[in-house]
Amino acid sequence: MPNLDIHLFACLKDNYGVLIRDAEQDVTASIDAPDAAAVTKALDDKGWRLTHIFTTHHHNDHTGGNLALKEQTGCTIVGPRAEASRIPGLDRAVGEGDEVPFGQFPVQVLETPGHTLGHISYHIPRAGVAFVGDTLFTLGCGRVFEGSYEMMWSSLKKLMRLPAKTMIYSGHEYTLANAKFAISVDPDNVALQRRVAEIDELRAKGAPTVPTQLSAELDTNPFLRAHAAGIRERLKLGGAADWKVFAELRERKNKA
Ligand code: ZN
Ligand code: FE
């Protein structure tokens, strides 16, 4: 079974950069490129040579390093077809169902619009990992800037259908604020209470709360729990459609 090396590092204000590498095939990808200098330093720390960038969406804190890194390394930039004109240096535009070769680890593209209209996520079934940008966060989800709540909810549902063991890498460390909000809408959830205690400990040590296992998110992330009776009761949305419960949660979080 081949091994995919993964290196996560904090950069900019609260972004995460991730490098993935198939050593046998000598390919290394940066998931998004928040900041060229930080990605270059991470590559140097590991002694890895960049061959690909996988872009999730057009925001500058995910694409700001594209051109400088491409100039330095000649890497291939893969990104969302629906935002092609806004992804600096894009070489290969991809959409739902596309598979991008990466060493021994084919990368599957999922369209997950809502945060931006063309946002995509990358799933590597063979490594059990998914890179979800600003769609899903540990105990939270991205702000719905360009799409509708219904659209974002169906993107989250798509991620919810990945294998439960999948490790989810998101683009930011927002977990303390997310945990505070999660507890406010789902206070009786024992799994969530336990998780918040773990998260407080991790953050107190300065340790990341990314990645997170999808199974843990399904049990504790309120934005994936629009069906949960306790949350519906608290929001007084007993019979509403799941996406409406999701929309109410997202609006409350915006004001929190
Ligand atoms: Zn973003
Ligand atoms: Fe972002």
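**Starting from one arginine**

Author: Arginine 203 counts as partly exposed, at 27% relative accessibility. Here buried means under 20% relative accessible area, exposed means over 50%, and partly exposed is in between, with a 1.4 Å probe and protein chains only. Before going on, the housekeeping: residues count from 1 along each chain as its sequence is written, while chains are lettered from A and ligands numbered from 1 in the order written. This is a predicted model, so local features need pLDDT of at least 70 and side-chain atom pairs pLDDT 80 or more, while totals for chains, interfaces and linings use all residues; side-chain values use heavy atoms, leaving out hydrogens and water.

Back to that arginine. The side chain of arginine 203 forms a salt bridge with glutamate 173, at 3.7 Å from N to O. The term means a side-chain nitrogen of Lys or Arg within 4 Å of a carboxyl oxygen of Asp or Glu. Glutamate 173 sits in the loop between strand S13 (167-170) and H5, and arginine 203 in helix H6 (residues 190-204), so the pair ties together parts that are 30 residues apart in sequence. Helices (H or I, at least four residues) and strands (E, at least two) are DSSP runs numbered from the N terminus.

The whole structure has 12 salt bridges. Another one joins aspartate 26 and arginine 21, at 3.1 Å from N to O. Aspartate 26 is partly exposed at 31%, and arginine 21 is buried at 15%. A salt-bridge network links Arg21, Asp26 and Arg49. Lysine 13 and aspartate 14 also pair up, at 3.7 Å from N to O; lysine 13 is exposed at 78%, while aspartate 14 is buried at 19%.

Now for the metals. The zinc ion (ligand 1) has His57 (NE2), His59 (ND1), His115 (NE2) and Asp134 (OD) as its protein donors, 2.2 to 2.3 Å away. Donors are N, O and S atoms within 2.8 Å of the metal (3.2 Å for Na, K and Ca), and sites may look incomplete because water is not among the atoms. Along the chain the zinc donors are spaced H-x1-H-x55-H-x18-D. Their angles run from 86 to 173 degrees, which makes the arrangement irregular. Four donors would be tetrahedral with all angles between 85 and 135 degrees; four would be square planar, and six octahedral, with opposite donors over 155 degrees apart and all others between 65 and 115; anything else is irregular.

Aspartate 134 bridges the zinc ion (ligand 1) and the iron ion (ligand 2), which lie 3.1 Å apart. Histidine 59 lies in the loop between strand S4 (52-54) and helix H2 (60-63), and aspartate 134 in the loop between S10 and strand S11 (136-137), so these two tie together parts that are 75 residues apart in sequence. Histidine 59 is buried at 18%, and aspartate 134 is buried at 3%.

On the iron side, Asp61 (OD), His62 (NE2), Asp134 (OD) and His172 (NE2) coordinate the iron ion (ligand 2) at 2.1 to 2.3 Å. The spacing of the iron donors reads D-H-x71-D-x37-H. Here too the arrangement is irregular, with angles of 83 to 172 degrees around the iron ion (ligand 2). Aspartate 61 is partly exposed at 21%, and histidine 62 is buried at 1%.

Last stop, the nonpolar packing. The largest nonpolar core has 24 residues, and Leu136, Leu156, Phe246 and Leu249 have the most contacts inside it. Such a core is a set of buried Ala, Val, Leu, Ile, Met, Phe, Trp, Tyr and Cys residues joined through side-chain atoms within 4.5 Å. Elements giving two or more residues to this core include strand S10 (129-133), helix H4 (149-160) and helix H9 (242-255). H4 gives the most, with four residues. Apart from this core lies another, of 22 residues, among them Leu4, Tyr16, Val129 and Phe131.
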